[in-house]
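User: I would like to see where the words in a structure description come from. Could we take them one at a time?

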Amino acid sequence: MQYLVSVIDDKSNSGTPEEMAAIDEFNEGLRADGHWVFAGGLAAPDTATVIDNRDGAAIFTDGPFVESKEYLAGFWVMEAADLDVALRLAAAGSKACNRRVEVRPFL
Amino acid sequence: MNPVDVREAVTRAHRAEWARVVAALTRRFGDLDIAEEAAAEAFATAVERWPADGVPPNPGAWLTVTANRRAIDRIRRESKREDKQREAQMVHDDDPPEPLGAIDDERLRLIFTCCHPALAVQTRIALTLRMVGGLTVPEIARAYLVQPTAMEQRITRAKAKIKAARIPYRVPSAEDLPARVAGVLTVLYLVFNEGYLATGPGTDPVRGDLTAEAIRLTRLIHALLPDDGEVTGLLALMLLIEARRTARVAIDGELIPLGEQDRGSWDRAMIAEGHQLVRERLATGVAPGRYQILAAVNAVHTSARDVRDTDWSQVVALYDQLVRVDPSPIIAVNRAVAVAELDGPEVALAAVERHADALDGYHAYHATRADLLRRLGLGERARAAYDRAIELAGNSAEVAYLTRRRDQLGHA
């Protein structure tokens with residue numbers, strides 16, 4: 001079972017050196033325990049482009065599909081047996097990156 | 001067989017077996033939805049068949065077998081879904097849970113799943129009353145003054161989340177257990193409190209159905225986790241409050257405060273049981289948690305034959321102990337009532353008004369202040385406090401009591 005763990009922030013690339021070190025250590029733990037799938041930080045939403053090619057004539061729109069003060073600043077994809085495991089990992093991840101996170105299961 | 005006897009047998013079986021049937025089916029089929037539906041169908045079949053066939057010698061086994069068949073029928077009917085079903089099976093471990101000093105009971109898994117911290121508190125309450133308590137959706141909707149369709153949606157959404165997010169069907173590990181048990185107790189105490197101080201203009205001031213259901217479920221958890229002090233404490237607390245239920249509201253629907261209740265009408269058997277549980281916890285010598293301390297406070301009150309015999313210094317000491325465990329300012333309000341008896345209303349007023357900012361939206365804060373101000377002869381300030389308490393109180397019996405007290409100020 002895989003879970004998306006989103007990092008919620010109102011800034012991008014705003015981790016302090018201490019936070020980055022804590023995240024590296026947390027990621028090492030994920031790899032060692034077989035929970036690691038993928039992770040990454042994202043550039044600010046105003047760097048996004050929305051594409052609509054549903055009718056075959058692609059339209060590009062500058063900016064994110066939804067404007068909000070807080071947004072997805074980074075994420076993990078984690079392998080976990082169930083939600084209890086995912087919540088425990090996400091709680092440790094929230095502590096490591098010093099941000100709120102959201103856990104959402106993949107289908 | 002007499003139809004009344006059969007109906008009673010079905011009701012008894014429903015109380016005794018519902019949670020067990022749902023829990024066993026959830027374990028077997030890995031799906032709360034299938035378990036709930038099949039259990040409901042099995043009980044409906046019992047209502048249909050038992051009058052003609054007689055009540056089976058082992059109603060629980062009959063119901064489980066019948067529900068199992070119904071579940072298999074449904075899965076076959078939806079055979080296309082069968083493979084998906086298998087994929088979507090809830091996760092559970094087959095290892096017995098770590099020894100808890102209790103028998104491994106499927107119902108424990110069911111309770112922990114329904115009270116999972118990833119579900120909203122209102123959702124946990126609804127799910128627990130439906131899956132463990134066996135209340136129907138319309139009954140739960142009525143208890144919480146929402147439309148049955150809205151309650152149905154809440155429960156359906158919860159079941160979907162449990163499945164999609166893989167909320168496990170398992171007793172938490174020893175490390176997580178205290179926090180998870182605390183979460184279950186919160187749900188049960190909220191159900192009890194809604195029964196004890198029902199809110200909303202259309203409801204009875206005291207809902208015996210909800211207090212009874214909360215006690216029944218807490219008894220079940222107590223039977224499953226007999227060594228957990230807080231479970232014992234909550235059961236004792238509920239019993240000692242419930243024992244005074246009939247003495248708490250006058251025939252005209254007005255609340256009767258503790259000091260004015262007819263103590264002869266308190267339920268002696270419930271009080272004896274509550275006292276026994278409190279003594280049991282005291283004998284362990286383990287530091288008590290919140291529910292155990294609250295139970296001890298209520299044991300002091302229910303030990304006094306007359307309000308004048310109340311050991312107020314003991315009550316204050318217990319509230320002081322409680323503040324150390326739970327520093328919530330709400331406790332200061334209850335403590336102030338005891339302080340007023342011990343050191344006078346002036347000392348109590350100063351103690352409670354220290355928390356004015358935090359408690360301004362809490363009706364009991366204003367009700368307690370109103371009473372203290374009245375006793376100090378500060379009529380105008382008392383009236384303002386009664387007004388604010390009446391405005392904030394949701395319980396009709398309490399509003400009636402506060403209104404009379406306020407109006408009596410005018411005659412003074």
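## Strands, helices and a contact between chains

User: What makes S1(A) and strand S5 (residues 71-79) of chain A a pair?

Analyst: They are joined in the antiparallel sense over 8 bridges. Two strands pair if DSSP finds at least two bridges between them, so S1(A) and S5(A) qualify. Within this pairing, A:Val7 has A:Gly74 as its bridge partner, and A:Ser6 stands opposite A:Phe75. Strands (E, at least two residues) and helices (H or I, at least four) are DSSP runs, numbered from the N terminus.

User: Where do the numbers and letters come from, and what kind of model is this?

Analyst: Residues are numbered from 1 along each chain as its sequence is written, and chains are lettered from A and ligands numbered from 1 in the order in which they are written. The model is predicted: local features need pLDDT of at least 70, side-chain atom pairs count only at pLDDT 80 or more, and totals for chains, interfaces and linings use all residues.

User: What else does S1(A) pair with?

Analyst: S1(A) also pairs with strand S6 (residues 100-105) of chain A, in the antiparallel sense, over 6 bridges. There A:Ile8 stands opposite A:Arg100. The open sheet has 4 strands in the order S2-S5-S1-S6 (chain A), with antiparallel pairing.

User: Why are S2 and S6 of chain A called edge strands?

Analyst: Strand S2 (36-41) and S6 of chain A each pair on one side only. Neighbouring strands of this sheet are turned by 20° against each other on average, direction ignored. Helix H2 (residues 83-97) of chain A packs on the sheet and touches S1, S5 and S6 of chain A.

User: How do the side chains of S1(A) point?

Analyst: Along S1 (residues 2-9) of chain A they alternate.

User: Why is A:Ile8 called partly exposed?

Analyst: A residue is buried if 20 or more other C-beta atoms, placed from the backbone, lie within 10 Å of its own, exposed if 12 or fewer, and partly exposed in between. A:Ile8 has 14 such neighbours, so it counts as partly exposed. Leaving aside its neighbours within four places in sequence, A:Ile8 is in contact (C-beta atoms within 7 Å) with residues including A:Glu70, A:Ala73 and A:Val101.

User: Why are H1(B) and H5(B) called roughly perpendicular?

Analyst: The axes of helix H1 (residues 3-29) and helix H5 (residues 106-114) of chain B come within 8 Å and cross at roughly 85°. Axes are lines fitted to C-alpha atoms, for helices over the stretch in contact, and angles run from 0 to 180 degrees between N-to-C directions. Angles under 35 degrees count as roughly parallel, over 145 as roughly antiparallel, 65 to 115 as roughly perpendicular and the rest as oblique. H1(B) and H5(B) are therefore roughly perpendicular.

User: What makes H17(B) and H19(B) roughly antiparallel?

Analyst: Helix H17 (residues 345-353) and helix H19 (residues 363-375) of chain B pack at about 150°, with their axes 9 Å apart. That angle puts H17(B) and H19(B) in the roughly antiparallel class.

User: How many residues does each chain give to the contact between A and B?

Analyst: Chain B gives 7 residues and chain A gives 7 residues. The side of chain B that touches chain A has 6 nonpolar, no polar and 1 charged. Ala, Val, Leu, Ile, Met, Phe, Trp, Tyr, Cys and Pro count as nonpolar, Asp, Glu, Lys and Arg as charged, and the others, Gly among them, as polar.

How values were computed:
Two residues are in contact if their C-beta atoms, placed from the backbone, lie within 7 Å.
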